[in-house]
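Here is a short briefing on one protein chain. Have the viewer open while reading.

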Amino acid sequence: MALQKALPSMSLKEKMELFDDLEIRERRARLSVARTSLLGFASAVYPNFKIGAHHRKLSKLFQRVIDGELKRLIINIAPRMGKSVFSSYLFPAYFLGHYPDKKIIMGTHTASLSEDFGRQVRNLIGTEEYEELFPKTQISADQKAAGKWSTSEEGHYYACGVGGALAGRGADLFVLDDPHALPLDTLVPTPAGFKTIEGLQVGDAVFGPDGQPTTIKAKSDVWHDRDLYAVETDDGEIVYCDGGHLWTYHTETGLHNAHLLKTATARELAEWAKPNKPYLPRHAAVQYPEQELPIDPYVLGAWLGDGTATAGRMTSHPDDAPFMRAQFEQAGYKTTDQVDAYNFGVLGLWPVLKDTYLLGNKHIPEKYLYASVGQRMALLQGLMDTDGTVTVAGQCSFQNTNMRLVEGVRELLHSLGHKTSIRTYYDSREIHLTRQPDHRVNFKMRDAFRMPRKNERTFTSEDKRRRAITAYPVNKKAAVQCITVDREDGLFLVGRGYVVTHNSEQDIKANSRLAFDTAW
């Protein structure tokens with residue numbers, strides 16, 4: 001009040017000095033909150049992080065971990081609730097801000113995922129925002145690999161996957177993020193959606209590598225306490241099995257001849273010492289049945305890419321808007337002009353988005369991932385026409401800050417028979433308003449777009465569809481089970497990554513004379 005009364009008599013210079021002092025005071029207050037509160041830290045370095053009631057509870061628990069009061073903390077929360085972002089990304093960075101001399105071990109089910117978390121934490125520590133909060137915590141110049149780096153205060157960060165070597169290492173903070181999966185819970189795509197190996201029955205249909213349904217002829221007994229192996233593809237998919245489970249592979253580029261394929265156990269593949277890695281047979285687009293969908297798949301894909309998250313409205317460049325609006329009109333939606341040329345409305349879209357829980361919650365609904373090939377292609381084209389790019393060399397990319405949406409696009413591409421993986425990038429140029437990480441899916445595929453100016457560059461690269469595999473023991477035991485399918489090659493698809501695997505030939509239960517003879 002005293003300052004307000006004095007303002008009229010102040011000179012311009014005195015007013016400017018006063019405003020500068022007030023800005024410094026406000027900035028110091030913000031920094032103080034960010035240094036002393038995990039929630040304040042999250043808001044400062046991750047501006048779009050949505051804080052919920054569970055985050056407030058976790059923040060208190062994490063503070064007890066930092067203070068040494070809480071030695072063990074297990075977090076069980078539904079997917080997409082920010083568990084990994086809060087626990088495996090923000091919290092380790094906040095912990096090192098207070099204790100730059102401490103040691104952290106990060107463990108997940110694969111080494112590559114652990115390294116991704118390590119890269120994110122390392123990159124965050126290197127930002128100006130972080131340095132302003134915790135100037136003593138800096139990355140050491142002589143050791144800064146994504147999965148193994150040090151701080152200038154003798155602190156260390158080490159990332160490992162299940163089965164990784166930890167002998168001789170210790171940690172002040174040990175973070176385990178979804179470190180294991182049970183083979184009985186292994187997901188298998190079926191015409192009715194995903195089912196677990198345990199839940200499948202003789203007579204059910206699964207998919208072969210040709211994308212066509214194939215019938216289960218027999219199931220094995222459940223074998224308990226089997227030593228587990230992981231079979232990991234070079235695009236990040238992983239399947240757990242026992243050492244005797246069979247895998248069909250080849251070692252030559254572009255090999256398609258079935259008679260040249262070989263089969264080996266996971267145990268044998270784990271001893272692979274040849275320079276050329278084994279490659280799985282390629283698989284075609286999976287033939288799910290046609291679905292009744294609440295929103296046209298192309299329209300949904302386009303809205304997921306460039307639609308307003310809380311409205312039935314689209315953003316489109318004026319040069320592309322006529323084409324986009326024509327696609328919407330052909331799908332039965334009337335479009336309307338908006339106040340500026342970069343937006344158009346879509347009548348009737350908002351209530352359906354609301355009924356399908358997509359408003360403010362962009363993701364690909366499960367039903368669309370189990371739709372026909374034509375419906376899934378239309379969905380992909382809508383996504384790519386809006387948030388997709390293609391280079392002159394035909395490299396297609398879908399890029400978005402919404403990790404859940406990006407993961408859905410990746411699964412969609414896998415179901416269409418294309419290998420791909422997710423890469424995360426950070427804005428080091430500081431040209432954007434926010435510093436959210438961008439997640440990108442890269443692939444090569446003919447007709448990935450409908451928009452002519454983009455689609456004319458596309459083509460399919462067969463070499464880009466090959467999946468190399470690496471097998472290794474994971475030092476765990478679990479109950480396992482396998483199936484026998486009605487295919488001469490014994491191959492079927494497993495997991496959300498649609499990995500080509502082989503029947504097990506161990507102890508098959510003879511549900512019929514035919515099944516017994518086939519297994520024999």
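What percentage of the 520 residues of the protein chain count as buried? The figure is 48%. The model is a predicted one. It is read here from the overall fold down to single side chains.

**Overall fold**
- The protein chain contains 16 helices and 25 strands.
- Take the contacts between residues at least 6 apart in sequence: 68% of them join residues at least 24 apart.
- The protein chain exposes about 26,100 Å². Carbon and sulfur atoms supply 50% of that area.

**Nonpolar surface patch**
- Leu3, Leu12, Met16, Phe19 and Leu22 make a nonpolar surface patch of about 490 Å².
- Helix α2, residues 12-36, gives the most to this patch, with 4 residues.
- Leu3 sits in helix α1, which spans residues 2-6.
- Leu3 has a relative accessible area of 43%, so it counts as partly exposed.

**Helix packing: α3 and α5**
- Helix α3 (residues 38-45) packs with helix α5 (residues 83-98) at an angle of about 100 degrees. Their axes are 10 Å apart.
- That angle lies in the range of 65 to 115 degrees, so α3 and α5 are roughly perpendicular to each other.
- On the α3 side, the residues in contact are Leu38, Leu39, Phe41, Ala42 and Val45.
- On the α5 side, they meet Phe86, Leu90, Phe91, Ala93 and Tyr94.

**Salt bridges**
- A search of the whole structure finds 12 salt bridges.
- Side chains of opposite charge can pair when their charged atoms come close.

*Lys419 and Asp234*
- The side chains of Lys419 and Asp234 meet in a salt bridge, at 2.8 Å from N to O.
- The pair links distant parts of the chain, 185 residues apart. Lys419 is in the loop between α14 (403-415) and β20 (422-425). Asp234 is in the loop between β10 (223-233) and β11 (238-242).
- Asp234 counts as partly exposed, because its relative accessibility is 41%.

*Asp337 and Arg325*
- A salt bridge joins the side chains of Asp337 and Arg325, with an N to O distance of 2.7 Å.
- Asp337 belongs to strand β16 (residues 335-337), and Arg325 to helix α10 (residues 321-330). The two are 12 residues apart.
- Asp337 is exposed, because its relative accessible area of 60% is over the 50% cut-off.

*Arg487 and Asp489*
- Arg487 forms a salt bridge with Asp489. Their closest N and O atoms are 2.7 Å apart.
- Salt bridges that share partners join Asp210, Arg487 and Asp489 into one network.
- Arg487 counts as partly exposed at 22% relative accessibility. Asp489 is also partly exposed, with a relative accessible area of 32%.

- Gln120 is found in helix α6, residues 111-125.
- Is Gln120 buried or exposed? Gln120 counts as buried, because its relative accessibility of 17% is under the 20% cut-off.
- Leaving out residues up to four places away in sequence, Gln120 touches Tyr89 and Tyr426.

Notes
Residues numbered from 1 in each chain as written. Predicted model: local features only at pLDDT ≥ 70, side-chain atom pairs only at ≥ 80, totals over all residues. Heavy atoms only, no water. Buried < 20%, exposed > 50% of the residue type's maximum accessible area, 1.4 Å probe, protein only. Contact = heavy atoms within 4.5 Å. Areas by Shrake-Rupley, 256 points an atom, 1.4 Å probe, with all protein chains shown as cover. Patch = residues over 30% accessible without salt bridge, like charges linked within 9 Å, V, L, I, M, F, W, Y side chains within 5 Å. Salt bridge = Lys/Arg side-chain N within 4 Å of Asp/Glu carboxyl O. Axes fitted to C-alpha atoms, helices over the stretch in contact; angles between N-to-C directions. Parallel < 35°, antiparallel > 145°, perpendicular 65-115°, else oblique.
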